[in-house]
Amino acid sequence: MQTGAAFGATLAMPGIVRAEGKMIRMAHASNEIHPGHILAASFRDALEEVLPGAFNVQIFPNRQLGDDKQNLESAVAGTLEMAMVSGVLIPLVTGRPAYDAWQLPFLVRDYDHFEKLALSPIGRKLQDDLEPAGIIGLATADIGQRHFLSVNSQVRSIGDMKGLKTRIVPVPLHKAIWEQLGAAPVGLPYGEVYGALETGVIDAVEINVSSMLGENLWEIGKNFTLTGHYPWHASNVVSTGFWNTLADEEKEALREAGRRSVSATLAYAKEQDLAGRDELGEKGVEIFELDNLAEMQETVAPLTTQWAEKDPLIAEFVEAARTLG
């Protein structure tokens, strides 16, 4: 990774024709107020600052080109240059397990802790580990700490979670976490959550404030319990097919734009998380603290040890998370 001075010198090198910017289609499933969109938009804006006129980044939000999984699959296949995707899907689609590290329960403490990890060597290693699967990670950010939304019952302790049909992304780590807590996890696509809550297919969902607001889930669920059990990590990823067409200067510009987009997104997500709670309260949502958060943390702690044994990069991430201040 180059220093700022070396990077500036690289960008000053002649030879890159910028008369017509190279097209980058970047798709994602979020709406425009969601931190995921900010991650995409911040990348676009930073790329123009770093290498003016070299690229024409067109963002397709709101599932215009497909849902989260479809966008990721398109980037892997090389039919889409870039995507902003939920990190939880990356191991599922690529078969690379290390990205699970971000959502080990209660390991990443807050947005500031996330930023240190995302911009650290282990953060870069996790992104580069995706290359054999056909994509490279350029930025990873927390787009909203996860909490617990329920429709008919107030959840004030982990005992209140017992048996609740709770929507999860159908991946092994999430299933293990919520089964450990006694809930009844139900795997559903993100776009089906509102209807499932409304019709009683599910009783609850582990969710962040941004999605509560962006998907209008507050219209159905009025009981919101603050748990902060793990971050919802998302990544800007680039297809290796497109990446391999770029000059070294252009590749470094994309990497630098990715680094810059992380801090901007985390600042937005942090502010929205706090301000959004007030907005939810104004919309009639009751917000609770969990009475026995320490018990919840202890209940799921063994899963961190189990997952650290699955991949050396996960073990390295766990160590970094515990040592970074």
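The structure is a predicted model. Its largest pocket holds about 440 Å³ of space, and the second largest pocket has a volume of about 270 Å³. Helix H11, residues 248-282, gives two or more residues to the lining of the second largest pocket and carries a kink centred on Gly276.

**Largest pocket**

- The space in the largest pocket comes to about 440 Å³, and 25 residues line this pocket.
- Closest to the centre of the largest pocket are Asp68, Leu89, Arg167, Pro189 and Tyr190.
- Three elements each supply at least two lining residues: helix H3 (68-77), strand S3 (82-86) and helix H4 (89-94).
- Strand S3 gives the most to this lining, with three residues.
- By residue class, the lining of the largest pocket has 13 nonpolar, six polar and six charged residues.

**Second largest pocket**

- The second largest pocket, of about 270 Å³, is lined by 16 residues.
- Arg109, Gln145, His147, Gly228 and Arg277 are the lining residues that lie nearest the centre of the second largest pocket.
- Helix H11 (248-282) and helix H12 (293-308) are the elements that give two or more residues to this lining.
- The largest share comes from H11, which supplies four residues.
- The lining of the second largest pocket divides into five nonpolar, five polar and six charged residues.

**Helix H11**

- H11 has 35 residues and, at 1.5 Å a residue, should span 51 Å.
- The kink in H11 is about 30° and is centred on Gly276.
- After H11 comes Gly284, which has a positive phi, near 95°.

**His37**

- His37 is part of helix H2, which covers residues 35-50.
- The relative accessible area of His37 is 13%, so His37 counts as buried, the cut-off being under 20%.
- The side chain of His37 makes a polar contact of 3.0 Å with the side chain of His28.

Note on methods. Residues are numbered from 1 along each chain as its sequence is written. This is a predicted model: local features need pLDDT of at least 70, side-chain atom pairs count only at pLDDT 80 or more; totals for chains, interfaces and linings use all residues. Side-chain values use heavy atoms; hydrogens and water are left out. On a 1 Å grid over the protein atoms alone, a cavity is a set of points where a 1.4 Å probe fits but cannot get out, and a pocket is an open set with protein on both sides within 12 Å along at least five of seven lines; lining residues have an atom within 4 Å of a point. Grid points are joined across faces, edges and corners, and a volume is the space filled by probe spheres set on the points. Ala, Val, Leu, Ile, Met, Phe, Trp, Tyr, Cys and Pro count as nonpolar, Asp, Glu, Lys and Arg as charged, and the others, Gly among them, as polar. The expected span of a helix is 1.5 Å times one less than its number of residues. The bend at a residue is the angle between axes fitted to the seven residues ending there and the seven starting there. Buried means under 20% relative accessible area, exposed over 50%, partly exposed in between (1.4 Å probe, protein chains only). A polar contact is a pair of N or O atoms within 3.5 Å; within protein, one must be able to donate a hydrogen and the other to accept it, and residues adjacent in sequence count only if both atoms are side-chain atoms.
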